[in-house]
Amino acid sequence: NELADRGDARGALAKYEETLAIGRTIDAPHMRKVVEGPALGGLGNAYDSLGQYDKAIASHEAALAISREIGDRRGEGADLGNLGVVHFYLGQYDEAKRYHAAALAIKREIGDWQGEGATLTNLGNLRFGPEIFNLFFENRGDFRCADFHYPTPLMASRNCCSFVLSEESTMRDPTLMIRPPSKFGSTLVFN
């Protein structure tokens with residue numbers, strides 16, 4: 001996970017594969033699943049970072065099956081959310097919404113307020129994100145600042161949103177923030 005946090009998806013992939021291999025050698029079935037599930041989820045996240053979305057989905061689906069089998073509701077919520085993220089990146093917004101809604105229900109059920117907040121952000125990205133991310137990726141992230149005019153229910157048609165990226169920012173995992181409405185409308189900003 002530390003490798004993934006540093007942007008070393010290939011290194012993270014190797015470590016998760018190693019963890020999965022070790023987990024599969026455990027004789028006790030329940031303990032084997034306890035190791036395999038998170039390793040598969042980590043593999044899915046690494047594949048997602050590498051743009052290998054088919055492998056990411058397969059890994060997350062396998063992790064989800066294990067979470068459900070062993071009754072790990074927190075893991076199930078995370079796996080559903082991860083599937084939602086991958087489907088979002090694939091432009092499959094209805095599927096993404098379905099996964100995030102299921103994740104949200106579980107996170108509320110178990111009292112995971114941090115997970116609930118992250119899931120609500122993901123659902124918000126489904127409302128505003130597709131157009132923004134499409135514009136970003138069409139430009140291959142090769143801009144420091146761009147203005148987008150967004151006529152949406154939360155923004156006046158003449159509202160200008162500025163996305164300012166720092167020199168260090170890779171936009172690998174952007175967070176979308178909605179500033180409170182003013183007389184000119186709301187503003188969307190990447191953090």
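These are my notebook entries on a predicted model of one protein chain.

**Entry 1: the whole chain**

I started with the secondary structure and counted seven helices and four strands. The chain has 191 residues, and 39% of them are buried.

**Entry 2: helix 2 against helix 3**

Next I went to helix pairs. Two packed helices are described by the angle between their axes and the distance between the axes. How do helix 2 and helix 3 cross? Their axes come within 8 Å, at roughly 160°. Angles over 145 degrees count as roughly antiparallel, so helix 2 is roughly antiparallel to helix 3. I noted the crossing as left-handed.

Then I listed who makes the contact. On the helix 2 side I have A9, L13, Y16, E17, T19, L20 and G23. Helix 3 brings R32, V35, E36, A39, L40, G42, L43, A46, Y47 and S49. Sorted by class, this contact has ten nonpolar, four polar and three charged residues.

**Entry 3: G42**

G42 sits in helix 3, which spans residues 29–49. Buried or exposed? G42 is buried, because its relative accessible area is 6% and the cut-off for buried is under 20%. I also checked G42 against A12. The two are 30 residues apart in sequence, and their C-alpha atoms are 7.9 Å apart in space.

**Entry 4: S59**

From there I moved on to S59, which lies in helix 4, residues 53–70. S59 has 7% relative accessibility, so I count S59 as buried. Which residues does S59 touch, leaving out those up to four places away in sequence? I found L40, L43, G44 and Y47. Among them, L40, L43 and Y47 are also on my list for the contact of helix 3 with helix 2. I checked one distance here as well: S59 and D48 are eleven residues apart along the chain, with 9.9 Å between their C-alpha atoms.

**Entry 5: helix 5 against helix 6**

The other pair I looked up is helix 5 (residues 73–89) with helix 6 (residues 93–109). The axes are 8 Å apart, and the packing angle is about 160°. These two are therefore roughly antiparallel to each other. Their crossing is left-handed.

From helix 5, the contact takes in R73, E76, G77, A78, L80, G81, L83, G84, V85, H87 and F88. From helix 6 come Y93, E95, A96, Y99, H100, A102, A103, I106, K107 and E109. My class tally for this contact reads eleven nonpolar, five polar and five charged residues.

**Entry 6: E109**

I finished with E109, a helix 6 residue. Although E109 takes part in the contact with helix 5, E109 is exposed, with a relative accessible area of 53%. The cut-off for exposed is over 50%. Where is R74 relative to E109? The pair is 35 residues apart in sequence, and I get 9.8 Å in space from C-alpha to C-alpha.

Methods
Residues numbered from 1 in each chain as written. Predicted model: local features only at pLDDT ≥ 70, side-chain atom pairs only at ≥ 80, totals over all residues. Heavy atoms only, no water. Buried < 20%, exposed > 50% of the residue type's maximum accessible area, 1.4 Å probe, protein only. Axes fitted to C-alpha atoms, helices over the stretch in contact; angles between N-to-C directions. Parallel < 35°, antiparallel > 145°, perpendicular 65-115°, else oblique. Left-handed = near helix turned anticlockwise from the far one by under 90°. Contact = heavy atoms within 4.5 Å. Nonpolar A, V, L, I, M, F, W, Y, C, P; charged D, E, K, R; others polar.
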